[in-house]
Amino acid sequence: MEKGTDTVKRGLAEMLKGGVIMDVTNVEHARIAEEAGAVAVMALERVPADIRASGGVARMADPAVIEGIMEAVTIPVMAKCRIGHFVEAQVLEAMGVDYIDESEVLTPADESYHVDKHRFRVPFVCGAINLGEALRRLGEGAAMLRTKGEAGTGNVVEAVRHMRAITGEVRRLATLPDEELMSAAKELRAPYEEVVEVARAGKLPVVNFSAGGIATPADAALMMQLGADGVFVGSGIFKSEEPAVRARAIVRATTHFEDPELIAEVSSGLGEAMRGLEISEISKENLIQFRGW
Amino acid sequence: MSEHLAMIEECGARGVEVKRPSGLDGVHGLIIPGGESTTIGKLIDEYKFESALLELGASGVPVFGTCAGLIVMAARVEGRHGPGLRLADVGVRRNAFGRQVDSFEEDIVVRGIEDEGRPFRAVFIRAPVIEEAGAGVEVMARFGEGVVMAREDNYLLSAFHPELTGDGRIHDYFLRMVRESIGGIGTRRSIKRDSEV
């Protein structure tokens, strides 16, 4: 019996494809998410919009909260650790969470190095804004990717930018002859082996979700049409007027992302979406997407 | 699910995604894939798949449930669970091997597939197990105390994910069931559809 293999780690993410993973901070929200049809929940202390608003250091959630959520729902439970904080990751693994998000949304614990994810049996998902970053994370052992977007803004523009960047770079790599791949790896600052794998396959070797700024059913469907395998929704649900209704609508729009009539139907009368932030009004040092190395 | 589709095409049949009950019209076989059984159960309710799926099964069309698909098809499910289809006469336990950190791969022997003496690399992800089975159920593979693959007439059940390995023997086996059910063994191109319910 072999545990913690790449196939097993990447395989769970495969099972989540086409679905919505929702940020939750307590048992009640986790139940709403499960009831709405989420394929997994992400347990954290505060949703990104609140982290952005209140500042301070954002850390791994209280284990008691995570445990409560694990007991309350039957869908997989993911939890976030800080970038480079391998002890938070060890704690989450010991608790038996199903996936760890080494996340830029929390305050980084290490400004040079990420967690060596190969050393863990639990799989990791990591964020990326471009292909180079995505492949560096795969080199460290991530089993699932997500584009970062700009968390807690309710503004989908960065999610779009990052998804287009990655899919565009994958397409470009696929056209290169072998002798150009080493230079491509150098430009991307990515491990050569990962570059070769992507170039040969013409696609990423793991599932890639979209995250950071998705607030409406149409946002979710937009990301799916741009090539996302699924979506993470954080503040967009529980910072809106009617979380349960919106959660369900986003799930339906994600399943039927190519059906505008259905998206119109589920988008009707949802109440107010989260207010949202204009990216240019956020100072560069307050942009979360540039955390990660 | 896209892995199932790729495997089906590799085995020489055509596969399509089914996202609504109307998509089931005219299919010669159906795979209910892995995923989260809780989520799949909700989607079956939401899109009113239940009666169409029950009809399809009763009409003799082969249905293959893998992992969560097995749970959805089982007559009896231990622990908390929403309404299932109760198609196959088996009792299953969800997450029988534990959470994701305990997910694993193992070589197992699957009876009835081509070259059955050669082990099949089975990938178990938060997998269920078949704890008990009715008299009409044929056990195809065991792991430890439990049954991990079985067949009952036109229903094929596996606790693991045959689509995640490069080995197409189980999909081949299922397509044989499909070809037998439509009569023209090997002569007709079977349209095999895959469900995302």
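Strand S6 (residues 104-108) of chain B pairs with S7(B) in the antiparallel sense over 5 bridges, where strands are DSSP runs of E of at least two residues, numbered from the N terminus, and two strands pair if DSSP finds at least two bridges between them. The model is predicted: local features need pLDDT of at least 70, side-chain atom pairs count only at pLDDT 80 or more, and totals for chains, interfaces and linings use all residues. Residues are numbered from 1 along each chain as its sequence is written, chains are lettered from A in the order in which they are written, and side-chain values use heavy atoms, without hydrogens and water.

The open sheet has 3 strands in the order S1(A)-S6(B)-S7(B), with antiparallel pairing. Its edge strands, each pairing on one side only, are S1 (2-3) of chain A and S7 (120-124) of chain B.

B:Glu138 is located in strand S9 (residues 138-143) of chain B. B:Glu138 is partly exposed, at 40% relative accessible area (buried is under 20%, exposed over 50%, partly exposed in between; 1.4 Å probe, protein chains only). Leaving aside residues up to four places away in sequence, B:Glu138 touches B:Ala150 and B:Arg151 (contact: heavy atoms within 4.5 Å). The C-alpha atoms of B:Glu138 and B:Leu24 are 27 Å apart, with a sequence separation of 114 residues.

Two non-glycine residues with positive phi were also examined. B:Lys48 has a phi of about 55° and is exposed, with a relative accessible area of 63%. For B:Asn95, phi is near 40°; this residue is partly exposed, at 32% relative accessibility, and lies in the loop between strand S5 (88-93) and S6 of chain B.

Note on methods: Helices (H or I, at least four residues) and strands (E, at least two) are DSSP runs, numbered from the N terminus.
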